[in-house]
2 protein chains.
Amino acid sequence: MIDQSRSLLLTDLYQLTMLQSYRREHMDDVAVFEFFVRKLPPSRGFLMAAGLEQVLQYLEQAQFTQAELRWLADTGQFDESLLAELAEWRFLGDVHAVPEGTIIFGDEPILQVSAPLPQAQLVESRLINLLHFQTLIASKAARCVLAAPAKSLVDFGLRRAHGAEAGLLAARAAYLAGFAGTATLAAGMAFGVPVYGTMAHSFVQAHDEETQAFAAFAAANPTAVVLLIDTYDTEAAAEKVVALAPQLRKQDLIVHGVRIDSGDLAEHARLVRRILDDGGLCDVTIFASGDVDEYRLMAHAAAAVPIDGYGIGTHLDTSADAPYLDCAYKLQEYAGRPRRKRSEGKATWPGRKQFYRRHNEHGVMIGDTVACENEICAGKALLEPVMRAGRRLGPPPSLAQSREHAARQMRSLPAPLRHLESGATYPVTISEGLWQLAAKLDADKGG
Amino acid sequence: MIDQSRSLLLTDLYQLTMLQSYRREHMDDVAVFEFFVRKLPPSRGFLMAAGLEQVLQYLEQAQFTQAELRWLADTGQFDESLLAELAEWRFLGDVHAVPEGTIIFGDEPILQVSAPLPQAQLVESRLINLLHFQTLIASKAARCVLAAPAKSLVDFGLRRAHGAEAGLLAARAAYLAGFAGTATLAAGMAFGVPVYGTMAHSFVQAHDEETQAFAAFAAANPTAVVLLIDTYDTEAAAEKVVALAPQLRKQDLIVHGVRIDSGDLAEHARLVRRILDDGGLCDVTIFASGDVDEYRLMAHAAAAVPIDGYGIGTHLDTSADAPYLDCAYKLQEYAGRPRRKRSEGKATWPGRKQFYRRHNEHGVMIGDTVACENEICAGKALLEPVMRAGRRLGPPPSLAQSREHAARQMRSLPAPLRHLESGATYPVTISEGLWQLAAKLDADKGG
């Protein structure tokens, strides 16, 4: 009923009541809104920007359907003249943004919309919805990748993701951040994310004998034989795999891996590794899942646990230790004049902005500056123009290209952030010009 | 690209590799799967079941599109014969479930699917995805309603929800649990949830003067004049509302309420209430938002803070203090034989089940029993047949009817759970018959 790729009803009622007022007041000058994270969650030393691609697709496609307009009319809250205008609504603004996969911090504007006020206002809710979630998940995934750089990490989270779109976009964001792929088929089709899978406990349980389940699975799926060995007794099942492997080889079937999904994963992995090696199955990999997050991965890495890959579900797709970011999309300029919200604890840095990043001679990030758009600062400017008058500037990067960019960004992280040291911070400076602008607006008590 | 209401690619790869094996083995006897929460999060004393309606819609509509089948064929992992079968795939199984809005606890099967094994297996991922999320949010929302029974609670969470579907379904689940409505327009259209809204800070900022913003909004939206007063100075803005109200009245415009969104909400509400009352605006309500959850609501209730309604966003839509449930959809019977998974820490109670609830003479719940389907137990059986051979048994209840059911359920909660007392528990007993069945299967080392 609601087409998520374009529905303008994916918004809050107040956007339309405000539009109704803007229309009566003829307030359609250019407004500049910026999306930024106010403050990182305590458990995050950095974030990775993601979701830009979905935002641009939405801005290109967003419109009201006839059915949606009829529904709005039936609410009785909107003038016919407003509804007539909404029927023709298309986004015609400009957008600047950082590329997906860019490392970002608090106060840094990662997307800037310049458009007639009613346009920039109406898209607020969906734009935050898209940027917030993928940035949340890419950031969590990046931590997992840093915690287990040599391991193959696969998103297993669709079932615990918050709805279907969350499952799809989590798979995309995790791949962007360096995951090997996902178990979610729809994410493979929608985004080209590589798809991986093994078998479920129900498969083993439905068979009368575990070995029979393994043999049948291998015969039916010869290209990816990964056998789940923890349905009853993990080590006993590993022994069964060792016994079965020579018989399978006679049918040209190779066991590629085993999966462990319960108990003490590290302890089981060590025992299973020994059983497999003693049985001549040194090439069979061990894949683990179940309550895995970056902290578990770090502990395994420190203890050299012989696990080759991990399925990460719930903790990834819900970003369980930090399930939201304190982010906002705020009006910074209207009709050429900088604006500032001064609400307690939520004051914003006013005006159109840019931010700059400096690197040392080894390419490691050493500090950022958030500045007024026209200020000259040291470092590389990170906000780039991506859309003008509602049309993209050039074809979007492929997901693979964005993933490469993300990998380069992660290599440029300072060591304390790369090692996920708790409490590690990164210097983000507010420029002299921005301080002055804020002070001037406060003194004027202007907007 | 992916139609979330019916796409069978909203699943994990392993479901299809298992189907490929089941097909070769002619394993298509009836399987019984049950969905249940293993253990409640520490911060939850009860849960509220939700999402059943979306599950049934999905089961009725689920199919593969030609494009999806072509994509699957292109992966090279699936036999043509399997793909031909998938082209005809329709769900033809039976479903038992508890009504939406029912209070539930750990180990209680809230949905049971009986269908040929490959059918019951394939729908697993999306079925968990739908039941998990709405149950998660309805449970969080029910806590908010219990914490502030006399207040009007509105879902404000779309922007921080995990994607669009999460925003829509959170609005639905919160309304089911007793919220007054949502700010999300699309949820109004899709589910008939009442829609509420005020104005944003950007609206005030875009105007040169706050009073001018208030007057313009009232003129444009006479039916719901709720003015946001914390953009610059909350109490000063309340004074402006008092000064403005008589002028508005001359135009037959009534200020219905003010909203506070930052700072110490309780303290501001008290000051603002006094200003409004002293200004003769006793009927103007105070609405608050910003970092509100059930704990904040309880603190306000205890201190008799003069706030009439709350917008609850992030904490509701992400269930921030418990962003996931430890839930599963597990094979309990295949081909007439009970099955049991025995993985460490994840062992399941086997067989087709039912669960029963007993009440005292005041209608208060006093204990549940989870039992084998054919056991006779005291109390009311809660699992009801809802679908047979892929077709619903009768028209679904309206959302309003389910909301009534939820309200009755909440009234039947024991006082410690209704008061959200920390550590409050509820007795759920495993029946004698179920213990015996589990012991027998363990002794047999059968599945």
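**Domains, chains and a helix**

In chain A, the domain assignment gives domain 1 (13-137 + 322-444) and domain 2 (147-317); such bounds come from an automatic or database domain assignment. The model is predicted, so local features need pLDDT of at least 70 and side-chain atom pairs count only at pLDDT 80 or more, while totals for chains, interfaces and linings use all residues. Residues are numbered from 1 along each chain as its sequence is written, and chains are lettered from A and ligands numbered from 1 in the order in which they are written.

Taken over C-alpha atoms, the centres of domain 1 and domain 2 of chain A are separated by 38 Å. Between them, 13 residues of domain 1 of chain A are in contact with 17 residues of domain 2 of chain A, contact meaning that the C-beta atoms, placed from the backbone, lie within 7 Å. On the domain 1 side, the elements giving two or more residues are α6 (124-147) and α15 (399-411) of chain A. Helices are DSSP runs of H or I with at least four residues, strands are runs of E with at least two, and both are numbered from the N terminus. α15(A) gives the most to this side, with 5 residues.

The two chains also meet: 86 residues of chain A are in contact with 86 residues of chain B. Helix α1 (residues 13-25) of chain A supplies the largest share of the chain A side, 8 residues. That side divides into 40 nonpolar, 30 polar and 16 charged residues. Here Ala, Val, Leu, Ile, Met, Phe, Trp, Tyr, Cys and Pro count as nonpolar, Asp, Glu, Lys and Arg as charged, and the others, Gly among them, as polar.

In chain B, how far apart are the end C-alpha atoms of helix α11 (residues 234-250)? They are 25 Å apart, which agrees with the 24 Å that its 17 residues should span at 1.5 Å a residue; the expected span is 1.5 Å times one less than the number of residues. α11(B) has a kink of about 35 degrees at Leu244(B), shortly before the proline Pro246(B). The bend is the angle between axes fitted to the seven residues ending at a residue and the seven starting there.

The buried residues of α11(B) include Ala237(B), Val241(B) and Ala245(B). Among the elements covering them is α12 (265-278) of chain B.

Ala269(B) is found in α12 of chain B. Ala269(B) counts as buried because it has 21 C-beta neighbours inside 10 Å; the cut-offs are 20 or more other C-beta atoms within 10 Å for buried, 12 or fewer for exposed, and partly exposed in between, with C-beta atoms placed from the backbone.
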